[in-house]
Amino acid sequence: ARVPVNRDTGVAVFEATAAGWFEFELRIGYPVPGAGYKLEARPPGTSAFSYYDGFVAARTGAFAMPDYTPDIQLSSAWQLLYNASDGVGAGSLAAAAPDAAWESSTVVELPWGTPLADMLYPQGRPASAAAGAFGVLRAFLRPSSMPVDGATFSLSCAGCQLYLDGVLVLDLADALLTGTPVTRVSACVLLERGSHHEVVVRFATPQVGPGAMSMSYVACGGGGGPRALAGAATVTNPLVWDP
């Protein structure tokens, strides 16, 4: 649906018939280079706005991710980007970079243990869908929730890789060739408590089915037991706004 913005007040009204996630696109007809834009939203019946600003208009050049807003304004969902494909192979994980060209995008609250088919096709898989798929799951660790002395990560899948702040931490690409899920555990990774650490999981499968990925972390030395990388206590996402 197209929602026009009042040119005098700068306000647009969108009413949803049910709760859920909504994709939106803001089109600026004549952007002024260097000008900032602020996006505000509020639920019906309230007067306080939540806002997410820092967008910079640019006629050319790559998109720059906005600065972090307070965590309360951010989602705890994982961003899921993927392409359905009948030609998934050994090179598909290398092609699954976050800034690649993606055909489909959605968000997943609890990706670990959820069948891949349910994440990619929550409304049911179309009969015409390709057999396989490759893509990325992306979120950011909340620094306040992480152990001061670092953590080790455990990842299970049949063809995936874990990147932390752009560095390959776990590589399970060989499982893509056998189709058999494996589990691997990383060495201790030191984390900066005052920083949001980007977590990217690249995945690929020649046959989308009931198989699921799982990932957890534990403080170096094993104190406290394993914790899932999901939920507001652990992850945040400036790419998915939660007003």
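**The sheet and its surroundings**

Mentor: In strand β10, Thr 183 is the bridge partner of Ser 156. This is a predicted model, in which local features need pLDDT of at least 70 and side-chain atom pairs count only at pLDDT 80 or more, while totals for chains, interfaces and linings use all residues. Residues are numbered from 1 along each chain as its sequence is written, and side-chain values use heavy atoms, with hydrogens and water left out.

β7 and β10 pair in the antiparallel sense over 4 bridges; two strands pair if DSSP finds at least two bridges between them. Helices (H or I, at least four residues) and strands (E, at least two) are DSSP runs, numbered from the N terminus. The open sheet has 4 strands in the order β10-β7-β12-β13, with antiparallel pairing. Its edge strands, which each pair on one side only, are β10 (182-185) and β13 (227-228).

Let us turn to the disulfides, pairs of cysteine sulfur atoms within 2.5 Å. By this rule there are 2. The sulfur atoms of Cys 157 and Cys 160 lie 1.9 Å apart, and this link is left-handed, with -100 degrees about the S-S bond. Cys 157 counts as buried at 3% relative accessibility, and Cys 160 is buried at 0%; buried means under 20% relative accessible area, exposed over 50%, and partly exposed in between (1.4 Å probe, protein chains only).

The other disulfide joins Cys 188 and Cys 220, with sulfur atoms 1.8 Å apart. Here the link is right-handed, with 95 degrees about the S-S bond. This pair connects distant parts of the chain, 32 residues apart: Cys 188 is in the loop between β10 and β11, and Cys 220 is in the loop between β12 and β13. Cys 188 is partly exposed at 42% relative accessibility, whereas Cys 220 is buried at 18%.

The largest nonpolar core has 35 residues, and Phe 153 and Met 215 are among those with the most contacts inside it. Such a core is a set of buried Ala, Val, Leu, Ile, Met, Phe, Trp, Tyr and Cys residues joined through side-chain atoms within 4.5 Å. The elements giving two or more residues to this core include β7 (151-157), β8 (160-164) and β12 (214-219). Because domain 1 (1-84) and domain 2 (102-228) both contribute residues, the core lies between them; the domain bounds come from an automatic or database domain assignment.

Finally, consider pLDDT, the predictor's confidence in each residue, from 0 to 100. Among the elements of the protein chain, β10 has the highest mean pLDDT (93) and β2 (residues 50-56) the lowest (47).
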